[in-house]
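Open the model in a viewer and keep the selection panel at hand. The stops below go from the whole chain to single residues.

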Amino acid sequence: MRVSEKTSYLIAFFATAIRYYDYALFGLSASVISSHFMPDGSNSDKLLNFFMIFSISVAARPIGSVIFGRISDTIGRVVSVKITTIISAFSALIISILPGYETIGLWATVVLTVCRMLFIMSLAGETDAIKIYIAEKIGKKSRHLASGLVSFSAQLGALIAACMYHFTLSVSEITWLWRINFAVGGILGISVFLLRKFLHESSHYIRNKTEGKGKEGTNIAKIISQNRLKFFLTMILNGGIGASYNFLVIFLSTFVAKVIGGTSIHEAAENNIILIIVYAISCLISGVLADRISIYKQIFISLLLTLSLLFVMQILSIDQVYFFPIHMLVVFFVPIYMIPIQIKLQSIFPVNIRVRMCSLGHSLGSLILSATIPFFCMILWKYTENFAVIYAYFMVIVLLIISGVFVLMRESYKNMFEI
């Protein structure tokens, strides 16, 4: 592998780590941000309002997918990454200096929401583009492992965010320290933009773009119409995978600590760090396995084991018992089915529409299933105060993933990476 190619991979991994640092920091800091930027009320009400913003802001993601997906498919993956990196960096910097609700009232909530929406727009154009960029560049032999490394980098960023958030909690007398966390994300994002010259397009993208293979016009509605089932599967499966991550890694520990009271907020922060480490290690294991065994066997076994463990957690929750080791095990299985599903979805689209279809499907899936899961769980808790109902809601999403994979397997789509 040439030095320039190694540098391209390293920059892509670094960019992914920074982006997920910012993404995870916002969710992990839910209790701190809600206390600073949400209107007066109980802790539960403030957290509910925060997760409502968390959900609403995802409405901007499809817009980012359409805009930056087209740039990525028609001009280049690298160009899309360059633009989105600078947008997300400035969004994080603005949050770091934004006055709180006590200072400027509802304007604080409004500006926070706008910054979050801009970040989500840029996220849509960057994360899927980088994953596809790496998958196109690496080749068949190690494609799943390379995807696992991208996801590992994402979790490395999330782990740094979790550690910094935990440190913020441990020095609670310095009330502005959480702002430094966002400032770091913004500064590192700018550094990725400055390193943009080291990113180079893959030969797979250049060859297919030059030869015009897979070209199906630029009208997004027409492209979706011509790929209806593929797009629907991409939306449902990516949405379900995102919901798995948001529920198990971002939401559940905070919910147990803040609402149920099963653990302290400090223990929840420590648990988040452990969960992210488990998830990151599993990403690498998943990539190695998927390059060597049947991907469908790997997917179905991990999903069925996930359902079984969730059922155990649901039974325990009847008495409001939360057992962290089972939670860890469920988190471990998420990348085992995530990595091969994502590569399979990327492979069913030709190069000239690949980012648009994967990114927009991912965005709409997030809008429907992923980013909304904390808000709907809080609503379910508010009206039922039944822990088991929340687990049941997530189990339905897992069943939806299983159904989508069955359809994907039945259709036997051609692998467009090999064309």
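What follows is a tour of the chain, one selection at a time.

**Ground rules**

This is a predicted model, in which local features need pLDDT of at least 70 and side-chain atom pairs count only at pLDDT 80 or more, while totals for chains, interfaces and linings use all residues. Residues are numbered from 1 along each chain as its sequence is written, and side-chain values use heavy atoms, with hydrogens and water left out.

**Whole chain**

Select everything and colour by secondary structure. The chain holds 18 helices and zero strands; helices (H or I, at least four residues) and strands (E, at least two) are DSSP runs, numbered from the N terminus. The radius of gyration is 20 Å, close to the 22 Å that the globule rule gives for 419 residues, so the chain is as compact as a globular protein of that length. That radius is taken over C-alpha atoms, and the rule is 2.2 Å times the number of residues to the power 0.38. Along its principal axes the C-alpha trace spans about 60 × 45 × 40 Å.

Switch to a surface. Its accessible area is about 16,200 Å², with 68% belonging to carbon and sulfur atoms (Shrake-Rupley method, 1.4 Å probe; for residues, only the protein chains shown count as cover). Of the 419 residues, 59% count as buried, where buried means under 20% relative accessible area, exposed over 50%, and partly exposed in between (1.4 Å probe, protein chains only).

For contacts (heavy atoms within 4.5 Å), take those with a separation of 6 or more: residues 24 or more positions apart account for 86% of them.

Select residues 106-138, which form helix α7. Side chains of opposite charge can pair when their charged atoms come close. A salt bridge here is a side-chain nitrogen of Lys or Arg within 4 Å of a carboxyl oxygen of Asp or Glu, and the whole structure has eight.

Start with glutamate 126 and arginine 19, whose side chains meet in a salt bridge at 2.9 Å, N to O. Glutamate 126 is in helix α7 and arginine 19 in helix α1 (residues 3-28), so the selection needs both helices: the pair is 107 residues apart and links distant parts of the chain. Glutamate 126 is buried at 0% relative accessibility, and arginine 19 is buried at 1%.

Next, show aspartate 128 and arginine 61. Their salt bridge has an N to O distance of 3.9 Å. Because arginine 61 belongs to helix α4 (residues 61-74) and aspartate 128 to helix α7, the pair ties together parts that are 67 residues apart in sequence. Both arginine 61 and aspartate 128 are buried, aspartate 128 with 7% relative accessibility. What else is in contact with aspartate 128, leaving aside neighbours within four places in sequence? Besides Arg61, the residues are Cys358, Ser359 and His362.

Then show glutamate 136 with arginine 354, where the closest N and O atoms of the salt bridge are 2.8 Å apart. Arginine 354 lies in helix α16 (residues 354-370) and glutamate 136 in helix α7, so this pair joins parts 218 residues apart in sequence. Arginine 354 is buried at 0% relative accessibility and glutamate 136 at 5%.

Move to valine 150 in helix α8 (residues 143-170). Valine 150 is buried, with a relative accessible area of 1%. Not counting residues up to four places away in sequence, valine 150 touches Phe13, Thr16, Lys131 and Ile134.

Now select asparagine 271, in helix α13 (residues 265-290). Its relative accessibility of 11% makes asparagine 271 buried. Ser253, Tyr322 and Phe324 are in contact with asparagine 271, leaving aside neighbours within four places in sequence.

**Positive phi**

Most residues other than glycine have a negative phi.

Glutamate 385 has a positive phi of about 50 degrees. Look for glutamate 385 in the loop between α17 (373-384) and α18 (387-411), exposed with a relative accessible area of 56%.

Serine 412 also has a positive phi, near 50 degrees. Serine 412 lies in the segment after α18 and is exposed at 58% relative accessibility.
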